Amino acid sequence: MLRERAAAEEPLELRAGAVRRAIGGWLALAEAADRSLFERLTWDIGGMAARWYMEPARARGLVLDALDWFDVERAAIRACVAQAAASRQHEPAWELAARSVNYYAARGLHEDWADSHERALRACRHADNLWGEEIMVRNLATLRTSRLTAEL
């Protein structure tokens with residue numbers, strides 16, 4: 001209902017800006033949560049996507065337990081990656097997917113990992129974003145290795 005009302009009442013540029021800011025907010029929180037995880041499967045590699053930061057104390061409070069935060073926000077993060085990729089926002093798509101890898105690995109969420117990275121990879125390839133493509137391919141290779149190791 002809100003989406004339909006916004007589409008009817010707000011200009012496209014204003015709606016697109018709101019979506020970019022929302023995805024940037026999710027990215028900033030995912031980045032904070034990811035950095036709080038004890039086990040690290042991948043290096044801390046970033047790109048140029050805009051982040052929308054909230055007050056540091058509030059952000060720390062939200063991601064106090066990083067695994068719990070990711071558990072609660074798991075569906076929203078996948079939706080943000082999907083929306084970013086679909087709307088040709090390749091930078092936030094790959095960065096948000098990459099920020100979720102350590103969580104996906106910790107919880108064994110291979111389907112979430114594959115889906116988010118494949119969507120972001122397609123967006124990066126479409127935009128000729130070689131850096132994002134490289135990170136997505138690397139993380140997908142790590143996923144395949146993790147799956148093979150689990151089968152042994």
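Student: Does Asp128 count as buried, partly exposed or exposed, and at what relative accessibility?

Tutor: Buried means under 20% relative accessible area, exposed over 50%, and partly exposed in between, with a 1.4 Å probe and protein chains only. At 64% relative accessibility, Asp128 counts as exposed. Please note that this is a predicted model, in which local features need pLDDT of at least 70 and side-chain atom pairs count only at pLDDT 80 or more, while totals for chains, interfaces and linings use all residues. Residues are numbered from 1 along each chain as its sequence is written, and side-chain values use heavy atoms, with hydrogens and water left out.

Student: Where is Asp128 found, and what is the value of its phi?

Tutor: Most residues other than glycine have a negative phi, and most peptide bonds are trans. Asp128, however, has a positive phi, near 55°. Asp128 is found in the loop between helix 7 and helix 8 (130-151); helices here are DSSP runs of H or I with at least four residues, numbered from the N terminus. Arg88 also has a positive phi, near 65°. Arg88 is found in the loop between helix 4 and helix 5, and is exposed, with a relative accessible area of 61%.

Student: Where is the kink in helix 4 centred?

Tutor: The bend at a residue is the angle between axes fitted to the seven residues ending there and the seven starting there. In helix 4 (residues 66-86) there is a kink of about 65°, centred on Glu73. Glu73 is one of the buried residues of helix 4, which include Trp69, Phe70 and Ile77. At the start of helix 4, a side-chain oxygen of Asp65 reaches to within 3.3 Å of the backbone nitrogen of Leu67.

Student: How many salt bridges does a search of the whole structure find?

Tutor: Side chains of opposite charge can pair when their charged atoms come close. A salt bridge is a side-chain nitrogen of Lys or Arg within 4 Å of a carboxyl oxygen of Asp or Glu. The search finds nine salt bridges. In one of them, the side chains of Glu31 and Arg99 meet at 3.1 Å, N to O. Glu31 lies in helix 2 (residues 12-36) and Arg99 in helix 5 (residues 90-99), so the pair ties together parts that are 68 residues apart in sequence. Glu31 is buried, with a relative accessible area of 6%, and Arg99 is buried, at 5%.

Technical notes:
Helix = DSSP H or I, 4+ residues; strand = E, 2+ residues; numbered from the N terminus. Polar contact = N/O pair within 3.5 Å; in protein donor to acceptor, adjacent residues only side chain to side chain.
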